Each structure stands twice: as C-alpha cells, then as structure tokens.
Amino acid sequence: MTDETNDYARGVETLVSLVGQTPADAVMARFKELSPAFENEALSVVFGRTWSREAIDPKTRSLCSIGILAALGRHSALRIVLGIALKNGATVAEITEALLQVSIYAGYPAALDALPVLAAALEED
C-alpha cells in the first residue's frame with residue numbers, strides 16, 4: 001500500500017469512528033458525487049492525516065475546530081464538527097465556552113451566528 005492509500009484508508013476509519021458508519025457513508029457519497037478527487041483528498045488529508053493524530057483527543061480537536069469554524073463563519077462544516085464533538089463527549093457547556101472564546105477574538109456576531117447551528121446539532125443529537 002502506498003502512503004496515499006494508507007492515508008485514505010486511515011481517513012475512512014477515522015471518519016467512521018467519529019460519526020458512525022451511516023453518516024460517514026453519506027459524507028463520502030456526497031463528496032464523491034461532487035468530485036471523486038475531492039473526496040479522496042478530504043478523507044486522506046482531513047481525516048487520514050489530521051483527525052487521526054493522537055496528540056489531542058477527538059473531543060479537544062472538535063472544540064478547537066468549533067472555534068475556528070465559527071470564527072470563519074463556515075456553518076456547514078461547523079454543523080458536522082458539532083456533531084463530532086457531541087458524539088465524542090463534549091458537553092453543551094464546553095461548546096458554549098469555545099463559542100465565548102470566539103466572541104472575544106472574532107467578535108460576538110461570529111459567536112452568535114454559531115448558536116443556531118449548535119441548536120440544530122442538539123436537536124439532531
């Protein structure tokens with residue numbers, strides 16, 4: 001197996017461990033439908049090389065990502081990561097603390113815009 005193949009396989013495994021098989025299949029199918037090359041890169045790089053790293057646990061990585069995505073206003077990705085955070089043990093209190101950090105460094109509007117995304121994630125969870 002090449003490194004690229006290993007990264008992809010590790011990415012699939014990591015994604016499944018983070019969100020479960022059925023949601024992972026849906027994400028992969030959506031990416032593959034849009035662009036097989038994008039699906040390969042997203043799984044290999046995002047999940048195979050980054051989310052699979054062991055220096056920080058998935059909950060902590062999720063909380064970091066929530067702050068970044070909320071600050072950038074990337075609500076579709078934020079919704080996915082909120083689900084990952086909740087599935088990996090993050091509490092609503094921890095998530096709202098991350099959003100408070102966003103308000104300090106990226107402004108209250110960025111944090112406030114993330115709250116409906118959190119509410120949707122909680123309804124789904």
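Hi everyone. Before the first helix pair, a quick word on terms: the axes I'll mention are lines fitted to C-alpha atoms, for helices over the stretch in contact, and the angles between N-to-C directions run from 0 to 180 degrees. Please also keep in mind that this is a predicted model.

Let's begin with helix H6, residues 92–106, and helix H7, residues 108–124. Their axes come within 7 Å and cross at roughly 160°. Angles over 145 degrees count as roughly antiparallel, and H6 and H7 are therefore roughly antiparallel to each other. The crossing of this pair is right-handed. Who makes the contact? On the H6 side you'll find Val92, Ile95, Thr96, Leu99, Val102, Ser103 and Ala106, and on the H7 side Tyr108, Ala110, Ala111, Ala114, Leu115, Leu118 and Leu122. By residue class, that contact holds 12 nonpolar residues, two polar and no charged.

Now turn to helix H4, residues 58–72, and helix H5, residues 75–87. Here the axes come within 9 Å, and again they cross at roughly 160°, which makes H4 roughly antiparallel to H5. In this pair the crossing is left-handed. H4 brings Ser62, Ser65, Ile66, Leu69 and Ala70 to the contact, while H5 brings Ala77, Leu78, Val81, Leu82, Ile84 and Ala85. The tally for H4 with H5 is nine nonpolar, two polar and no charged.

The largest pocket has a volume of about 780 Å³. Which residues are closest to its centre? Of the 28 lining residues, those are Ala77, Arg79, Ile80, Val81 and Ile84.

Which helix gives the largest share of the lining? H5 does, with nine residues. At least two lining residues come from each of H1 (3–19), H2 (21–34), H3 (36–51), H4, H5 and H7.

Conventions:
Residues numbered from 1 in each chain as written. Predicted model: local features only at pLDDT ≥ 70, side-chain atom pairs only at ≥ 80, totals over all residues. Heavy atoms only, no water. Helix = DSSP H or I, 4+ residues; strand = E, 2+ residues; numbered from the N terminus. Parallel < 35°, antiparallel > 145°, perpendicular 65-115°, else oblique. Left-handed = near helix turned anticlockwise from the far one by under 90°. Contact = heavy atoms within 4.5 Å. Nonpolar A, V, L, I, M, F, W, Y, C, P; charged D, E, K, R; others polar. 1 Å grid on protein atoms, 1.4 Å probe; cavity = no way out; pocket = protein on both sides within 12 Å on 5 of 7 lines; lining within 4 Å. Points joined across faces, edges and corners; volume = space filled by probe spheres on them.
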